[in-house]
Amino acid sequence: MNSFDAILAGELQALEKADLLRALRVVDSALVNFAANDYLGLAGHPALVAAAREATARCGTGSGASRLVTGTDEAVLALEAALAAWKEKEAALVFSSGFAAALGTIPALVGKGDTVILDKLSHASLIDAARLSGATVRTFAHNDVGRLESVLRKVASDGGRTLIVTESIFSMDGDAAPLAEIVALKEKHGAWLFVDEAHATGLYGRTGAGRIAEAGLSDRVEIVMGTLSKALGSVGGYIAGSRTLIDWLVNRARSFVYSTALPPGVIAASHAAVKLADSAAGAVQRARLWGRIARFHAGLPERWKKESLSMSAIQPLICGEASAALAMATALRERGFLIPAIRYPTVPRGSARLRVTLSAGHSDAEIDALNRVLAELGQAGRHA
């Protein structure tokens, strides 16, 4: 083994010793999947499959290059117009992923001499984007608006732009940001606000547009990010905002300018998903999801109820140490459930967990069976 591989092998061994080693595994279709973010059960929906199939047969499997090189198909513009209307914004821009949307947008808006203020539990894509921007990066304690205002006061004399970044539903805890209070502070201190709605899009409000629209704050949030790959059952990310913002990103968001556009099948499936979510059929799927969440809450063993019971599709079962979460994940897999352990650095040390994600596609029987197994494992743990 050469020195290059020896160094990496040593670091992999250190991860393994700390119960933090990751490995890719083959998907076992026999397992009941409580790990996916397919909250509305649209990933295999006939409308999305048909749209993807027709577009692929007509246009092929790839777009060929970035949109600034080969031009923009009208189907992409139609998707972006639908997203903008749904999000109550003037315009939208589609990226290859949510990560790419964050990585392109934040550095396009702020840089050296500016400040980004992040909720401490923001997604890795938001943290990486803030660091990449060259701006001064500050954090505030999770959902602590008092601490946020304290940071805003401290940076007031620094000059430059101030960008607040948060998620509307947080990806690991499933809890909600206090959006109205954050918007009020943003306006009071002359900052801009970037909200990631990845885990809220499709689920909240009359049309499923997300928590910003549900709260009536659409015209008071400058930058709205989301993905097509969770409740919408497809792949990709987007930014929605003013026409001026989108025009600027077309010129300055490097992950847009220098990335090959999404393929026609993905664009068609995504558009079908937006139309479905923003319809009576979407309302039916949301009602099913909230019913599944209520059923999970009702049957969840007492051991987990204190730290779980989020009002979202994400239900964290906190195990503490990574080894405990790994053991629980293995035991669940042996009993037919896919719920992987989530460990540091995805979550803080000492808060390793099982991240249960619920979907409109789950049956009552599957949820009841999961709760029974969780109860059995809890009993076994107490007698171990």
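In what sense do strand 3 and strand 5 pair, and over how many bridges? Strand 3 (residues 115-119) and strand 5 (residues 162-167) pair in the parallel sense over four bridges; two strands pair if DSSP finds at least two bridges between them. This is a predicted model, in which local features need pLDDT of at least 70, side-chain atom pairs count only at pLDDT 80 or more, and totals for chains, interfaces and linings use all residues. Residues are numbered from 1 along each chain as its sequence is written, and side-chain values use heavy atoms, with hydrogens and water left out. Helices (H or I, at least four residues) and strands (E, at least two) are DSSP runs, numbered from the N terminus.

- Seven strands form an open sheet with mixed pairing, in the order 2-8-7-6-5-3-4.
- Strand 2 (91-95) and strand 4 (136-140) are its edge strands, and each pairs on one side only.
- From one strand to the next the twist averages 20°.
- Within the pairing of strand 3 and strand 5, Ile117 stands opposite Ile164 in strand 5.

**Helices on strands of that sheet**
- Helix 4 (residues 74-86) lies across strand 2 and strand 8 (237-241), at about 125° to strand 2; angles run from 0 to 180 degrees between N-to-C directions, and axes are lines fitted to C-alpha atoms, for helices over the stretch in contact.
- Helix 6 (residues 124-133) lies across strand 3, strand 4, strand 5, strand 6 (192-196) and strand 7 (223-227), and runs at about 165° to strand 3.

- A sheet of three strands is open and antiparallel, with the order 9-12-11.
- Strand 9 (314-320) and strand 11 (341-342) each have a single partner strand, so one side of each is left without a neighbour in the sheet.
- Strand 11 pairs with strand 12 (residues 352-357) in the antiparallel sense over two bridges, and Ile342 stands opposite Arg353 in strand 12.
- Helix 15 (residues 322-334) packs on this sheet, touching strand 9, strand 11 and strand 12, and its direction makes about 35° with that of strand 12.

**Helix 2 and helix 12**
- The axes of helix 2 (residues 46-59) and helix 12 (residues 264-277) come within 7 Å and cross at roughly 150°.
- Helix 2 and helix 12 are therefore roughly antiparallel (angles over 145 degrees).
- The contact (heavy atoms within 4.5 Å) involves residues including Ala51, Ala55 and Cys59 of helix 2 and Gly265, Ala269 and Leu276 of helix 12.

Technical notes:
Parallel < 35°, antiparallel > 145°, perpendicular 65-115°, else oblique.
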